[in-house]
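Look at the model first, then read on.

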Amino acid sequence: MGLIDQIKTKAKQKLRTIVLPETEDERVLRATAQVLEAKTANIVLIGDENNINANAKKYGVDISGAKIVNPKNFDKIESYIDELVELRKSKNLSREDATNLMLNESRFFGCMMVRLGDADGLVAGSNSTTADVLKAAIQVIKTAPGINTVSSSFVMETADGKFGDNGLILFADCAVIPDPTTEQLADIASATAATAENVVGLTPRVAMLSFSTKGSASHPMVDKVTNACKILEDRKVNFAFDGELQADAAIVESVGLKKAPNSKVAGTANVLVFPDLQSGNIGYKLVQRFANAEAHGPIIQGLAKPVNDLSRGCSVEDISNLVAITATQVK
């Protein structure tokens, strides 16, 4: 059974409610039908019920099991507006502007549903930029306690099963923070360890990557990684980690034993934290193409409740898969 099948099986065990706000997109309605048929989540669609049902009929898909919510006649809209005004009072958001966001910006409305417990998670991005999805999520849902950083990870699934845990290995951050600080690197490590455990079912072994292993090179870029490890030590995190490690020392047992013989992670890492977005993004795409690996993600991390971002070029299957992943992130 592949990773996505495992995740869907897990999602079926406890149905969560996931919001899909971009109901103007045909792919979203087709994915809704897939999710409902597979019974991997309950779905909330945001928009005008007549328009949504008319489009579903036009596309020949059955979305009768979905809940459709129109912000313009939603019975809790005033409390949603009140909550947004309170959340953004430091930014002097007026009630008029808050009302406009709740009534006309489905991502903001959907995130408020998640914040206030009317839904468990949200998936968007088929018709939105990553920046727009994260803006709504960060402003409304906020970050998780003790975490100040929103980041992302990809679950790389390789066919030969040689690296990580039976071919599963997480890469972070590959989509959000261009040049993380030492504190942000530590946050990324903690968030990705949680994703490895909660979503993928792995016991995380986190390698903080660099072009140096245990002092083999001296440079400020290396210092950033070693200082992030010191922060993790000070935080007394509950997962195994080590750094700085070169990529081969992190994932190849013979190299890890030679370069970092006393490490509990070297040679067996299943989470790779890259020192910056350039290396992370390049790295996952090279593995995806050269190794013909499946790249599941990006999975957004560090938020108080799960929100995930789609590529605007996503397929119907990408949406339904990400709904299942989002459901498994719910605590």
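Q: What counts as a helix or a strand here?
A: Helices (H or I, at least four residues) and strands (E, at least two) are DSSP runs, numbered from the N terminus. The model is a predicted one: local features need pLDDT of at least 70, side-chain atom pairs count only at pLDDT 80 or more, and totals for chains, interfaces and linings use all residues. Residues are numbered from 1 along each chain as its sequence is written, and side-chain values use heavy atoms, with hydrogens and water left out.

Q: Where is K39 placed?
A: K39 sits in the loop between helix 2 and strand 2. Helix 2 is followed by this residue.

Q: Why is K39 called exposed?
A: Exposed means over 50% relative accessible area, buried means under 20%, and partly exposed is in between (1.4 Å probe, protein chains only). K39 has 55% relative accessibility, so it counts as exposed.

Q: What makes the phi of K39 worth a look?
A: Most residues other than glycine have a negative phi. K39 is not a glycine, yet its phi is positive, about 60°.

Q: Why is K142 called partly exposed?
A: K142 has 30% relative accessibility, so it counts as partly exposed. K142 lies in the loop between helix 7 (130-140) and strand 5. K142 also has a positive phi, about 70°, although it is not a glycine.

Q: How do you know that the span of helix 2 agrees with its number of residues?
A: The expected span of a helix is 1.5 Å times one less than its number of residues. Helix 2 (residues 26-38) has 13 residues, so it should span 18 Å. Its end C-alpha atoms are 19 Å apart, which agrees.

Q: Which residues of helix 2 are buried, and what do they pack against?
A: The buried ones are V28, L29, A31, T32, A33, V35 and L36. They pack against strand 1 (17-20), strand 2 (42-46), helix 3 (49-59) and helix 13 (316-329).

Q: What is L45 in contact with?
A: Contact means heavy atoms within 4.5 Å. Leaving aside neighbours within four places in sequence, the contacts of L45 include V28, L29 and T32. Also among them are L20, I52, I63 and V69.

Q: Why is M102 called buried?
A: M102 has 0% relative accessibility, so it counts as buried. M102 is found in helix 5 (residues 95-104). Leaving aside neighbours within four places in sequence, M102 is in contact with P71, I77, Y80, I81, L84, F108, F109 and M112. The C-alpha atoms of M102 and I77 are separated by 7.6 Å, and the two residues are 25 residues apart along the chain.

Q: What makes two strands a pair, and how do strand 1 and strand 2 pair?
A: Two strands pair if DSSP finds at least two bridges between them. Strand 1 and strand 2 pair over four bridges, in the parallel sense. I18 stands opposite I43 in strand 2.

Q: Which peptide bonds are cis?
A: Most peptide bonds are trans. A cis bond joins A172 and D173, with omega about -20°. The bond from G297 to P298 is also cis, with omega near 5°. P298 lies in strand 10.

Q: What makes a nonpolar core, and how many residues has the largest?
A: A nonpolar core is a set of buried Ala, Val, Leu, Ile, Met, Phe, Trp, Tyr and Cys residues joined through side-chain atoms within 4.5 Å. The largest has 57 residues. Helix 8 gives the largest share, eight residues. A second, separate core of 33 residues includes I77, L93, V133 and A136.
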